[in-house]
Amino acid sequence: MTERTLILLRHAKAADPDDYATDIERPLAPRGRRDAAAAGAWLKEQDLRPDTVLCSPAVRTRQTLEELGLEAPVVYEHRIYTGPALDTLELIQQTAASVATLLLVGHNPTISDLSHELYSASLDSTGLSTSGLAVHRFEGTWASLTRAPLAAAHTARA
């Protein structure tokens, strides 16, 4: 069996929603850019380097990913923006067998719900904060993923 690592990252702090016509257009706030860079530094310190990234197409998730400073192929998937946790899990289950470490950049409540779905004792009741990371590990294939213990959790702040 192959050990797999799933990194769930809630986007960094976004700008005030009142300033934008649609939610998907909201960019990161200046603090969000700094915190996303801190999340990237933490991932590198932990030697967590994704083989592939799944990312919501929202501006704030794209900017969060950009600030991480990671090098990996990216797939932008609208279902991460709209979907509930189980839809996102189905998307993860379609990951290629060659991928050992997958990073998913998305939104709450989906990201926190997904972490809880994978391991019910994973996070406290508030879920992931902005720039919050949940690292889950399991043995097996992506297609068989239904449970994965929490290996690490971190909230990045600059």
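Modeller: Axes here are lines fitted to C-alpha atoms, for helices over the stretch in contact, and angles between N-to-C directions run from 0 to 180 degrees. Helices (DSSP runs of H or I, at least four residues) and strands (runs of E, at least two) are numbered from the N terminus. The model is predicted, so local features need pLDDT of at least 70 and side-chain atom pairs count only at pLDDT 80 or more, while totals for chains, interfaces and linings use all residues. Residues are numbered from 1 along each chain as its sequence is written, and side-chain values use heavy atoms, with hydrogens and water left out.

Helix α1 (residues 30-45) and helix α2 (residues 59-68) have axes that come within 7 Å and cross at roughly 50°. The two helices are therefore oblique to each other (under 35 degrees is roughly parallel, over 145 roughly antiparallel, 65 to 115 roughly perpendicular, and the rest oblique). Their crossing is right-handed, meaning that the near helix is turned clockwise from the far one by less than a right angle. On the α1 side, the contact (heavy atoms within 4.5 Å) is made by R33, A36, A37, A39, G40, L43 and K44; α2 contributes Q63, T64, E66, E67 and L68. By class, these residues comprise 5 nonpolar, 3 polar and 4 charged (Ala, Val, Leu, Ile, Met, Phe, Trp, Tyr, Cys and Pro are nonpolar, Asp, Glu, Lys and Arg charged, and the others, Gly among them, polar).

A85, L86, T88, L89 and I92 of α4 meet T110, D113, L114, E117 and L118 of α5. This contact has 6 nonpolar, 2 polar and 2 charged residues.

The largest nonpolar core has 20 residues, of which L6, I92, W142 and L145 touch the most other members. Such a core is a set of buried Ala, Val, Leu, Ile, Met, Phe, Trp, Tyr and Cys residues joined through side-chain atoms within 4.5 Å, where buried means under 20% relative accessible area, exposed over 50% and partly exposed in between, with a 1.4 Å probe and protein chains only. At least two core residues come from each of β1 (3-10), α4 (85-92), β4 (101-106), α5 (110-118) and β5 (132-139), and α4 gives the most, with 4. Residues up to four places away in sequence aside, L6 touches I92, L102, L118, A134, V135, H136, W142 and L145. A separate second core, of 16 residues, includes L9, L70, L103 and V105.

Strand β5 also holds F138, which is buried at a relative accessible area of 8%. Although 133 residues separate F138 from T5 in sequence, their C-alpha atoms lie 6.8 Å apart. Beyond its neighbours within four places, F138 is in contact with T2, E3, R4, L145, R147 and A148.

Finally, the backbone of the loops. S131, in the loop between α5 and β5, has a positive phi near 65° although it is not glycine, and is buried at 1%. D47, in the loop between α1 and β2 (52-55), likewise is a residue other than glycine with a positive phi, near 55°, but is exposed at 56% relative accessibility. The loop between β4 and α5 contains P109, and the peptide bond from N108 to P109 is cis, with omega near 10°.
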